[in-house]
Protein chains: 2
Amino acid sequence: MKSKGSRAERELIHMLWDTGTWAAMRSAGSGSTPLPSPDIIASNGKKILAIECKSIQDYKKYFDAEEIGQLVHFSNTFGAQAWVAVKFNHKGWFFFRVENLGMSSNGTACVDLELAQKEGKTFEELIQ
Amino acid sequence: MKSKGSRAERELIHMLWDTGTWAAMRSAGSGSTPLPSPDIIASNGKKILAIECKSIQDYKKYFDAEEIGQLVHFSNTFGAQAWVAVKFNHKGWFFFRVENLGMSSNGTACVDLELAQKEGKTFEELIQ
């Protein structure tokens, strides 16, 4: 899962650089430090994106409340927009502002393919 | 050397977060990818810093031209200021804009303690 997540992160980094107008950088990872850090930070000099990145094998993905909280804390301090990037097997990428994630019955943020296809932004919408 | 460099990076990340107004993130490292990436990106929502970070055991440090070029390319695309952070043994941190680095006789950017004490900015000056 870890290597698949890293692969998805690298793919998104390349998609951003390939636009020719965006710079993007992968985080060293939050494992080694208690400090908040998104998986990816990107900017075109106008809009700054802090991105938490997920590769999903299953139909549905739940997010850790602390993970989302740290993403928002980092983003607010840095001056970035907080985004969650989700890659579904065979369905590609969908992008969410934190407030557009779903909420499970136990209060955990989540996303499934149905919500992604209804509420998720495309890569082109993300970078426009 | 690598672990000492990482230790210096982590120290600087903590110094930035400890201000209470700056967010900072370490790069996953440029070793795994040909894409430009500084060691650290930091912002307080007003000023964005892309920082190449060095721990110096010797009196003098030379910089790789490609390393500096990639720092500038990343910074220009991202909309960040390009900085080089240098930590000398027992002398602490000094911060340079790229244009304030020294130039060796063979055209390589460099910094020594004398230049650092004359031209280097302090951490307080960096974040003000």
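**The sheets and their surroundings**

Modeller: Happy to, and please keep in mind that this is a predicted model. In chain A, five strands form an open sheet in the order 1-2-3-5-6, with mixed pairing. Its edges are strand 1 (23-26) and strand 6 (92-97) of chain A, each of which pairs on one side only. From one strand to the next, the twist averages 25°.

Strand 1 of chain A pairs with strand 2 (residues 40-43) of chain A in the antiparallel sense, over four bridges.

Helix 2 (residues 65-78) of chain A lies across strand 2, strand 3 (48-56) and strand 5 (81-88) of chain A, and runs at about 160° to strand 3 of chain A. The other chain contributes too: helix 2 (residues 65-78) of chain B lies across strand 1, strand 2 and strand 3 of chain A, running at about 115° to strand 1 of chain A.

That brings in the relation between the chains. Chain B is superposed on chain A by a rotation of 180° with 0.0 Å of shift along its axis, at an RMSD of 0.0 Å. This is the relation of a two-fold axis. The same surface serves both copies, as 100% of the contact residues of chain B recur in chain A. The residue of chain B that comes closest to the rotation axis is B:Ala28, at 1.8 Å for its C-alpha.

There is a second sheet to visit. It is an open one of three strands in chain A, ordered 4-8-7, with antiparallel pairing. Strand 4 (60-62) and strand 7 (102-103) of chain A each have a single partner strand, so one side of each is left without a neighbour in the sheet. Strand 4 of chain A is joined to strand 8 (residues 109-112) of chain A by three bridges, the two running antiparallel. Within that pair, A:Tyr62 has A:Cys110 in strand 8 of chain A as its bridge partner.

Over in chain B, look at B:Ser104, in the loop between strand 7 (102-103) and strand 8 (109-112) of chain B. B:Ser104 counts as buried because its relative accessibility is 12%, below the 20% cut-off. Setting aside neighbours within four places in sequence, B:Ser104 is in contact with B:Tyr62 and B:Cys110. B:Ser104 and B:Tyr62 are 42 residues apart in sequence, with 8.1 Å from C-alpha to C-alpha.

Note on methods: Residues are numbered from 1 along each chain as its sequence is written. Chains are lettered from A and ligands numbered from 1 in the order in which they are written. This is a predicted model: local features need pLDDT of at least 70, side-chain atom pairs count only at pLDDT 80 or more; totals for chains, interfaces and linings use all residues. Side-chain values use heavy atoms; hydrogens and water are left out. Copies are superposed by least squares on the C-alpha atoms of residues with pLDDT of at least 70 in both. Contact means heavy atoms within 4.5 Å. Buried means under 20% relative accessible area, exposed over 50%, partly exposed in between (1.4 Å probe, protein chains only). Two strands pair if DSSP finds at least two bridges between them. Axes are lines fitted to C-alpha atoms, for helices over the stretch in contact, and angles run from 0 to 180 degrees between N-to-C directions.
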